[in-house]
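Here's a quick tour for anyone opening this entry for the first time. Have a look around, then read on.

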Amino acid sequence: MVCVAQVYYVFSPATNSCLKALALCDWSDLQKTRRSIARTYCSPRFTSLQYDIVANVGTDEISAFLQEVEKLPVNAPVDIKPLVLAACANMFTQYMCSTSFSYDDKEFQKVVRYFDEIFWEINQGYAVDFLPWLLPFYKNHMKKISHWSTEIRQFILSRIIDNHRATLDYNSPPRDFTDALLMHLEDDPNMNWQHIIFELEDFIGGHSAIGNLLMMTLVSIIQHPNVAQRIQQEVDEITGNTRAPSLLDKSMMPYTEAVIWETLRKASSPIVPHVASTDTELFGYNIPKGTMIFINNYDLNVSNDYWENPDQFLPERFLSPSGNVVKPNHFIPFSTGKRTCIGQRLVQCFTFIILATLLQKYDITAGGEIEIKPGCVAVPPDCFKVILSPRSS
Ligand code: HEM
């Protein structure tokens, strides 16, 4: 079980600036505002214009990604994680900031790596996450994370925001999420520059979660070749092998989607702490205001009380008899209620498009030993290698 409370400290060198980070701040009018600006862009509804934009971003980036993958040696162990992460990062920066970067751009590579290092660290479940008074013993660790955060901030300011500010037209509709945030800064006296930066960093950083989930999904299919074959069968049927898969195919590829859900069930989401905002009672237990509460997602995902054969990897458990995707109410990888994950639709979209594209083109097998931490959606920044074999058909 891992918890992301470290972020609280990471973003709070000597100030209370952590309170502005989206997942860990208290519920407030400011948080409502930030969620409402983000909702349009980060939770696009299926039939909305934004969804169409997400689909186009996915399609464009996927062809750049494939060009990079094609440069890798085939039938030999390769390190695919940096490319997967770079593709996810570009999908995010293109969608949210109308900016993408060359895969050879050293600064971009460095920042993608730093985001990933942070994602790995905050998913480790250190004692300090639960016992904040241990913080003095984690000085070096926190220093390292602060260094990565500082470099990320400089990159976002100099390579994304500066240009946006210079070309922003306040009299036109926002071009993207970054514009919407910058415009809001002018309109809303309760928003300040720090809020904008935190929000953009939080959201761009979401790409690491998707890249890691994708790597976990590759593990699932490597360990279950029959699962990979069923995805390939689905993608072949839908595209007739005459075109690349697109996001608009997602609703017709339920098995592929079910594989992603099953991977997320087995991996489990990080645990974000909550605090009771009032005295209350839960199943006969008194919960005084201020009590910190954790939803044990891991237990929910692996309990025999809720799942048949929870140890087995069975994507079918997320399919109805007629083949549609169904999620039981007790499956809440993105949590639930007013603090539910804002990025969950983007997770579903971008994970799907990269997975379907890779499997349309390649058979994927292990390029060495694969070691995975149970109950953790993160894989180490330097992780297992894979072998890509172009499909003969
Ligand atoms: C594998 C992928 C992901 C998983 C499993 C995941 C899971 C979660 C969970 C469990 C929470 C806590 C909700 C709560 O406090 O009850 C959360 C919050 C959040 N997530 Fe995600 N997330 C993922 C990816 C993303 C992405 C890609 C983004 C950005 C686009 C994102 C943005 C957020 C934000 C902003 C919050 C805080 C919401 C709030 O407290 O108001 N997440 N996520």
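## Getting started

Where is Lys250 found? Lys250 lies in the loop that runs between α10 (225-239) and α11 (254-267). Helices here are DSSP runs of H or I with at least four residues, numbered from the N terminus.

A couple of ground rules: this is a predicted model, where local features need pLDDT of at least 70, side-chain atom pairs count only at pLDDT 80 or more, and totals for chains, interfaces and linings use all residues. Residues are numbered from 1 along each chain as its sequence is written, and side-chain values use heavy atoms, with hydrogens and water left out.

## Around Lys250

Lys250 counts as buried because its relative accessibility is 11%. Buried means under 20% relative accessible area, exposed means over 50%, and partly exposed is in between (1.4 Å probe, protein chains only).

Leaving aside neighbours within four places in sequence, Lys250 is in contact with Tyr51, Glu257, Gln348 and Phe352; contact means heavy atoms within 4.5 Å. Take Gln348: it sits 98 residues from Lys250 in sequence, yet the two are 9.2 Å apart in space, C-alpha to C-alpha.

Cys341 belongs to the loop between α12 (297-302) and α13 (344-361). With 32% relative accessibility, Cys341 counts as partly exposed. An unreviewed UniProt entry also annotates Cys341 as "binding site"; such positions are given in the numbering used here, feature names are shortened, and annotations may be inferred rather than shown by experiment.

## The shell around the ligand

There are 22 residues surrounding the ligand, and the closest are Arg35, His274, Ser335, Arg339 and Cys341. A residue makes the list if one of its heavy atoms lies within 4 Å of the molecule. By type, the shell splits into 14 nonpolar, 6 polar and 2 charged residues. Nonpolar covers Ala, Val, Leu, Ile, Met, Phe, Trp, Tyr, Cys and Pro; charged covers Asp, Glu, Lys and Arg; the others, Gly among them, are polar.

The largest share, 5 residues, comes from α9.

Note on methods:
Helix = DSSP H or I, 4+ residues; strand = E, 2+ residues; numbered from the N terminus.
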